[in-house]
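Some labels and values for a protein model need their definitions beside them. The questions below ask for both.

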Amino acid sequence: MNVQIRPFAPADQGALIALWQACELTRPWNDPAKDIRRKLDVDPAGLGVAVDERGVLVGSVMVGYEGHRGWINYLAVAPQARRHGLGRQLMAWAEALLAARGCPKVNLQIRSENTAVQAFYAALGYTDDCVMSMGRRLESDL
């Protein structure tokens, strides 16, 4: 698939939120507009979008690195753009960004019921680290 992967621009916000919703990545307790704003406040270069030859936003990935581990969030490929290698391209973009920052290891979280995505990451060489993810909200988006 012929796409350009580039950093997010403010004009992308509506299309990006619509993509995340189409890919069922949003949850009521995570306001996507706030997630975008929070990312832009700390690392605007770490939010990438894929745009096709028509200018349509068809993919995204959010990359973070705090000095110990890299993190991948909001990897999304539009349903009509799947099965063309775009997910792999987005992951390569994210991993290259992290490698350039000196990141030694990448972590990501997958919902336990999302077996198709687990298979995708396994095909890219990701393995189950046999850890449990825990979280606590410091700010409510509701």
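Q: Why is Met-1 called partly exposed?
A: Buried means under 20% relative accessible area and exposed means over 50%, with partly exposed in between (1.4 Å probe, protein chains only). Met-1 has 37% relative accessibility, so Met-1 counts as partly exposed. Buried residues make up 35% of the 142 residues.

Q: Where is Met-1 placed, and which residues does Met-1 touch?
A: Met-1 lies in the segment before strand S1 (3-7); strands are DSSP runs of E, at least two residues. Leaving out residues up to four places away in sequence, Met-1 touches Ala-81, His-84, Leu-86 and Gln-89, where contact means heavy atoms within 4.5 Å.

Q: How do you know that the radius of gyration agrees with a compact globule?
A: The rule is 2.2 Å times the number of residues to the power 0.38, with the radius taken over C-alpha atoms. For 142 residues a compact globule would have a value near 14 Å, and the protein has 15 Å, which agrees.

Q: What are the numbering and the limits of the model?
A: Residues are numbered from 1 along each chain as its sequence is written. As the model is predicted, local features need pLDDT of at least 70 and side-chain atom pairs count only at pLDDT 80 or more, while totals for chains, interfaces and linings use all residues; side-chain values use heavy atoms, leaving out hydrogens and water.

How values were computed
Helix = DSSP H or I, 4+ residues; strand = E, 2+ residues; numbered from the N terminus.
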